[in-house]
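Subject: Handover of a structure and the findings so far

Dear colleague,

Please find below the structure that I am handing over to you. My notes on what was found in it follow directly after.

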Amino acid sequence: MTAIQSVLGQLNQVILGKENQTKLALSCLLAKGHLLIEDLPGMGKTTLSHGLASVLGLSYNRIQFTSDLLPADILGVSIFEQDPTSQQGSFRFHPGPVFSQVLLADEINRATPKAQSALLEAMEEAQVTIEGETRPLPTPFFVIATQNPISSSGTFPLPESQLDRFLMCIELGYPSEQAERLLLEGKDQREIAKRLKTELTLDKLLALQEQVEQVKASSSVLDYLQRIVAYTRYEAGYQYGLSPRGALALLRSAKAWAVVNDGREYLVPEDIQAVLPAVVDHRLSQAAASNKQKVSQDILQHVPVLQ
Amino acid sequence: MTTKEPLSLPRHALPWVLLSQSYVLMQLVGHIPYWIYALFVLAVGWRSLTHMGRLSYPNSYIKAVVVVATSAAIIATSRFDLESATAFLVAAGILKLLEMRHLKDLYVVVFLNFFIQGIVFLFEQSIGYFLIALIGVWLLISTLVLAHYSDSQKGRYKRTTKMAAQLMLLSLPMMLVLYFLFPRIGPLWGLTLQSNKALTGLSDQMNPADIAELSQSAELAFRVTFDKQGIPARQELYWRALVLDHYTGRQWRAQHTPQLQWPMSDQEPTPEQRSYEIIQEATGQNWLFSMAPAATLERGIGINEQGLLRTRRPVFQRKRYQVAQDLTEALPAKQLSDFERRTYLQLPKGYNPKAQALAQELQQQSATELELLDKLMQYFYQQEFSYTLKPQILGKNEIDDFLFNTKAGFCAHYAGALTFMARSVGIPARVVAGYQGGEWNETEQYLTVRQYDAHAWVEIWQPEFGWLRYDPTAMVAADRIEFGLEQALAEEGSFMEGQLFSMQKYKSVAWLNKLRISLDTINYQWQRWVLSYDNQRQKGFLEKVLGFNHWQQSLYIIAASFIVFFLIASVLLWWRLRAAKPSPFIQAWQKLQTRAQKLGVQPKTGETVTQYCNRLIQACPQHEALIQSTAQQINQWLYQDDSPDDKAMQEAVIESIKHLTKQLSVQKG
Amino acid sequence: MINAKFWQPYYQKWLNKRIPKTNKIKLSHRSVFIVPNAAGGLYILLLVLMLITSINYQNNLLFGLTFWLFSLSLVAMILTFRNLAGLTVIAGKAQPCFVGEKSALPVLFETSSSRHQGIAFGYAKDISSYFDGNGETIQKFLYYSPATRGYFDVKRMRVETRFPLGLFTAWSWLKLDFSALAYPQPEFVPFIFSEGEGEEHTEHAQLTVSGDQDFYGLREYQPGDSMRQIAWKQLAKGRGLVSKEFEQPQANSCMFEWDSLAPLPVEVRLSRLCGWVLQAHEKSWQYGLKLPGVQIPLDYGLKHKEQCLTALALFNGKGA
């Protein structure tokens, strides 16, 4: 049983019946990307992120985004502190929740765009600049943001350009009947998540990330990937197509999937197809606004694998 | 066309314009005034500075002054010949450089240079110059291509020149068709500018000094190939060009112009005739060369009563023609008319009394005229005459002086003396000028006659035999006739004296001589097959090779080749534009899918190999193992090994797919 | 060209039939035309002169050169045609724009594997952009200012080439379908809207200044900032004058109605509605649109703005 399999095994104990999503979440982490979960409250988003952190032995923080959240609440602040003995005062930096290896940004669309962009900048640059001082974030740095898809008053959905910063966007969805029953019978899943066994050391995790980068993409697979990109740009009636960053994200995710799914050292088209909805849909949802069908479905049905 | 602002000159094309123009102009060195090159350097300098932004384009005053000054300079030195016309063209091209700012100016310059490159051929036609000119054309085409090349990447010059070469090669077939089949019509109008370059060769006045000068020239006079009758003995190679009938006391000249007869049609030589073909260099005269007794075979060549061949127009271009020599001993066609008799007995009064006395003395000793002529010839042999190209200057009675005093001279002296003596005793005689001998190329079987083979001899009328040839030079220097001038002058060492660098001079150096002969062979073939292809040759080619008897038919062929050209082009274009054919693997895969369709498995776009195969297994579970292994093989080949170009692997994969297809068909059957 | 005006409609009709409007076209025999251009005419003159010279001088090399240059022009013609044929022109994804604005329409040229050289394109009177390609897709822009709202109606575009020798011009007239929308020209006037279902009232556009509720961050002091805004703590630290910035969320909601602009002509009304939508979006209000036959409920965001503008662009007055 490989490390990955045991990690997945542990995770599936807490998130029942969501093997695909846990694999995607793990792939996203191994591909050094950030994850956006779009779902209703109470679907196990927190459980998944917490479980992931504990199984991998990573430090974990959670921020609940609200409309009054300030950038300082995320990044941290310098506070003037007086030493009682010497009466000398100095500013001391109190790191915010962003200084953790796994960060759950819950309901990111509730915060103001300024608070959002503070987090997104930190995600992009893997460092934080506060009052002119630059502080690096820990490695790995993995953000799981959740977003409530039901637009309600007083929310600020992430704009298109910001969505691109998330490697993947997944939905958890309702559990199956079977899983739901298990859930009802069992203990509080969050409790279990806290007590999960750590299966990986940091070194092993970094080695896995390295392994992902070594996955070989044959010319035939790259052809397929380019056909997908060309399809979104020129053929399908989208307003705009997949950016080069989007294309790279697709390749990186597919490589991670190959490692997570069956520890393969090369890519097959199935890998791309598996991650396609998670990688492409949130990037192109507005471009294809008129279409009822999801972008990934459209691509899967129209882009030939062999040509 | 649709743009308002004319397209500007691409910057990167300018150096090439200047380069190609320099190259073309270099070929005209010696034909146009040297100051034009100075003008060119100035123009190139100015234009380059403009190119670099150091100088502005000349304003209209400067341009006007330059144009007027240049035109004046050319007109002042103009002689209304080809050279000054060329100078005009060249100057126009150079001045256009100064105001070349738009693409359309580039066209004008390049097209002018194409024309000038063509004009070069009017001066020089050797194979060497042809090759040089090819490079010129190539450079000019490259310039045009470059001007339309927006590619700014590295290696564009290489690609441009390569493209130009490709263009030239692609247009070669059509060019050949036109070259051979396009009807060659005669000059459209007679007055064409001729080059002022002096043509070496015979003249219609025999000055001994002229012939001595000719003997120093190794320039080509003409080349001859013989038909199956072969080449006559060397002593018989007397190439007649002129009859000099009038003696003034100082020189012999062609006074009387006899009637010409023109054949009505082209004729084939009869078996009793020796036919031979001559490729003659330009002489600027209308006489042709032939051996007596000559017969004309071509319509454009007339023959006169002296048996000499003539053309209607002076020969300013190399000419190729066919002549026949009657081999049968023909009786004289007729007696001399009174006029002719008077002509061939003409002598100036009061010259050369001693020679006349000698002739009369010998006449009294002889019974017949033939015997007298023998005696005259013997006289040259017996007396101490010597052959030299450097005779002493002769006095007023030059023949007397020569016969009894200096006793040294060359063909002109001997021929003149003999004719004079014969006439003085009432025997009609005439000096014939032409060439004698030539150099036989054994490998290629042709005779090369050069200017130093120029010769003069005598023809004497005998009522029973007609005109008989007497060559007194042979009596003095038999080598001249049997081996050529070089042998005759071996002792004196004056052969090609002053022509230090002539290859003719170094015949004794074996390899040099060999090289000289091969070069000559190449030039000969070049002349024979390329340069002398005129309407006669074209007619022959059409009749003999293509079996045409009417020149209009060649127009049909030209039209047909145009159609073929465009057909080929369309096919090539279609080939290029057609949808790319799928790879053999995809073809095999599609065949499999077509086959499986009959089993109810519809192919879906966007399906991977594995997904499709899984569906296929559901449709026909009995082939599970085979389908699995095939899918596995394809996946390994395409994705794991990443070797889509590995032919052996591809073959194996295609084989498996075909095998599977067959199995599926079997199941269906 | 005396009767150019007369023939124009027939020519356009023929052209529309031969090269119909499309968003992707591969140039082929059907769509490429070729004729000798002015330089080609000059070249023919050159050939005639050379032929006359070679005939008069009976010079075979000159004959040869003349024929060679002639054949060269034939080959060049084929190559010029070939240079354009096989090129695929695709209408890229154009961004919608407002009437009166200039929009850059992306045109994609998909070059086939053999080289395409010196291809120019543009409108009839303005052909300037040159490019070449070797198997790659090249993106170029065509500038277009829509005169009326609705779907873009871009004039025929000319693609031409003179490569390799410039003796022939091969060209094609392409009508590309960019299927992007031109929104009505916005006109900015004070709002007239109904709040929710309530009565109409106007509001004058107000400049948002830094609010004073939620602390957002610090910025350089600007003259005019109130004393309350100055971050004294920072000043004490010796970091100079900085002002505190506060966020003032606005959550107004309004409904823009066709009927509120009653007597004005159609296009003016559309222009004003368009201006309102833009302003409301800028102020992050919730807004809706009520047109005859079209009703867009209160909402906000980019998608919503686009929906409103699309409705305005495509409004046909009949209410369907």
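The largest nonpolar core of this predicted model has 129 residues. Within this core, the residues with the most contacts are B:L106, B:F114, B:I141, C:V89, C:F152 and C:M157. Helix α3 of chain C, residues 60-84, gives the most to the core, with 16 residues.

Apart from neighbours within four places in sequence, B:F114 is in contact with B:V137, B:L140, B:I141 and B:L144 in chain B, and with C:Y43, C:L46, C:M50, C:L65 and C:L69 in chain C.

Chain C itself comes to six helices and 19 strands. Of its 320 residues, 49% are buried. Taking the contacts in chain C between residues at least 6 apart in sequence, 63% join residues at least 24 apart. Chain C exposes about 15,400 Å², and carbon and sulfur atoms supply 56% of that area.

I turn next to the interface of chain C and chain B. Here 61 residues of chain C are in contact with 63 residues of chain B. The area buried between these two chains is about 5,800 Å², with 73% given by carbon and sulfur atoms. On the side of chain C, the residues that lose the most area to chain B are C:Y57, C:L61 and C:W68, which together account for 15% of what that side buries. Between chain C and chain B the count of salt bridges is zero, while ten residue pairs are in polar contact. The elements of chain C that each supply at least two residues to the side touching chain B are α2 (38-57), α3, β6 (116-123), β7 (126-133) and β10 (157-161).

The interface of chain B and chain A remains. In this case 16 residues of chain B are in contact with 20 residues of chain A. The two chains bury about 1,400 Å² between them, 59% of it on carbon and sulfur atoms. Zero salt bridges are found across this interface, and eight residue pairs are in polar contact. On the side of chain B that touches chain A, two or more residues come from each of α21 (584-597), α22 (609-619) and α23 (624-640) of chain B.

With kind regards

Technical notes: Residues numbered from 1 in each chain as written. Chains lettered and ligands numbered in written order. Predicted model: local features only at pLDDT ≥ 70, side-chain atom pairs only at ≥ 80, totals over all residues. Heavy atoms only, no water. Core = buried A, V, L, I, M, F, W, Y, C linked by side-chain atoms within 4.5 Å. Buried < 20%, exposed > 50% of the residue type's maximum accessible area, 1.4 Å probe, protein only. Helix = DSSP H or I, 4+ residues; strand = E, 2+ residues; numbered from the N terminus. Contact = heavy atoms within 4.5 Å. Areas by Shrake-Rupley, 256 points an atom, 1.4 Å probe, with all protein chains shown as cover. Buried area = accessible area lost by both parts, 1.4 Å probe. Salt bridge = Lys/Arg side-chain N within 4 Å of Asp/Glu carboxyl O. Polar contact = N/O pair within 3.5 Å; in protein donor to acceptor, adjacent residues only side chain to side chain.
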